[in-house]
Amino acid sequence: MQDIVTGLEELLGPEVVTRAGDVPEAYRHDWSGLTPVEPLALLRPRDTAGVSAALRFCNEHGVGVVPQGGRSGISGGAMPVAGAVVLSLDRLNQIEEVDPQMATLTCGAGVVLEKAQQAAAEAGLMLAVDLGARGSCTVGGVISTNAGGNQVIRYGMAREHVLGLEVVLADGTVITALNKMLKNNAGLDLKQMFIGTEGLLGVVTRAVMRLQPRPPHTATAFLGLADTAAVIDMLARARAALGPQLTSFEVMWPSFFHHMSEGTGIGSPLTGRHGVYVVIEASGFAEGGARAALETCLEAALEAGTVEDAVIAANSREERGLWAVRESVAEFARVVGPIIAFDVGLPLMRMDEAVRRCESGIAERWPGALALSYGHIGDSNLHLVVSVPSAGKNQPESGVKKLVYGIVREMAGTISAEHGIGLIKRDYLAYSRSPEEIATMRAVKAALDPKGILNPGKVLSP
């Protein structure tokens, strides 16, 4: 294998190639919590030509390639594989253009999402993909996982924001399809094959992202409700009253909210305890319009008994305060300890049953376990974080996964709503996809990557 690394150094230059033993710790793992792996080498090309040359060489020599963006995924999709190289896109970090007329942003795959958001804002527009890891995740990673986030209910998943892509195939072929038009039905829409496919079919190197008008006015409220049925009723009321002004609708069950609000010291903006908590955000273009619409909606919900208590933020500082507990997930390591994280999708009317069965089933089998439930209920996405304190670092992952994913399969849900499959969920893909679907996935993979060098072992079982 040293000959392989030497060949890569001669081809790409020693400033691009870092040999095993010298690879920085950050490139040996992602946020999945899996044990770090030393790759054969780390490749950090500076442009698409470098990515193409690297893939062509690795394909010719049968060397696996693991693409990496910001390494903020929790499914193990960016985890190195022994005997394979890591291909980091972090040097492809230039914003090439913001086009206000076409409302597009063209950038390299290694651009950090927050940087792209800021560039759009400077042009008076908005890149409406937003998630908690905005300061570390990259545009390429967002695209490769079809990331979601807090604003999906209004703006959709990452797929809805991608107009064009440049992609390098396994054999080094470069497909440049940096389309900027909303309407383009000229043949197959090839970019769709690379969005959400976790680097299995090609490596995204550049992207054209669709931008949105930036609503100048927002209104945020924090609600206490009796139960999940009331939450679903409130969601229907919010959709009817706010229409396209409804930007976010986030739910936190007591297991999550009480534990994290107390563990972080953030506290609650409401007096007393409630059966469920919701953060709701509206945005609009008329001054006072979003706030007035939200206030009218909440008044009706309070009068009807749907909402037990509510508070509306008076300014941006208070808005951040109302979001604080929901966005405290970065504190899991400190407040919860080692975790087993789930990102599932469920039919809305079975969400309450799923939460109750998961939390009670875990408590019954692992006494003393923590099971914290929260999520983007507006788009049927439930997050569940489980920790068994007595197990320490040796969390009972297999047993917990079988319990949770078994419930998801029974309810015709999905084992992955927005974080991909990677390594962690690979063996459960059949819980959400039919044999025919998986066979078709394999056929597409074989057609574009016949030697199987791209992200080997991820998503599809060997």
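This is a predicted model: local features need pLDDT of at least 70, side-chain atom pairs count only at pLDDT 80 or more; totals for chains, interfaces and linings use all residues.
Strands of a sheet pair through backbone hydrogen bonds, either parallel or antiparallel. Here five strands make up an open sheet, and if you follow them across, the order is E5-E6-E10-E8-E9, with antiparallel pairing. At the edges stand strand E5, residues 95-99, and strand E9, residues 174-177, and because each has a single partner strand, one side of each is left without a neighbour in the sheet. On average, and ignoring direction, neighbouring strands of this sheet are turned by 15° against each other. Looking at the pairing that involves E9, you will find that strand E8, residues 162-168, is joined to E9 by four bridges, the two running antiparallel, and that valine 168 stands opposite valine 174 in E9. Helix H3, residues 113-122, packs on the sheet, where it touches E5 and strand E6, residues 104-108, and the direction of H3 makes about 35° with that of E5.

Now to the helices. Helix H11, residues 351-365, and helix H12, residues 397-410, pack with their axes 10 Å apart and at an angle of about 155°. Since an angle over 145 degrees counts as roughly antiparallel, H11 is therefore roughly antiparallel to H12, and the crossing of the two is right-handed. Which residues of H11 and H12 meet? From H11 they are Ala354, Arg357, Cys358, Gly361, Ile362 and Arg365, and from H12 they are Gly399, Val400, Leu403, Val404, Ile407 and Glu410.

Technical notes
Residues are numbered from 1 along each chain as its sequence is written. Side-chain values use heavy atoms; hydrogens and water are left out. Two strands pair if DSSP finds at least two bridges between them. Axes are lines fitted to C-alpha atoms, for helices over the stretch in contact, and angles run from 0 to 180 degrees between N-to-C directions. Contact means heavy atoms within 4.5 Å. Angles under 35 degrees count as roughly parallel, over 145 as roughly antiparallel, 65 to 115 as roughly perpendicular and the rest as oblique. A crossing is left-handed if the near helix is turned anticlockwise from the far one by less than a right angle, and right-handed if clockwise.
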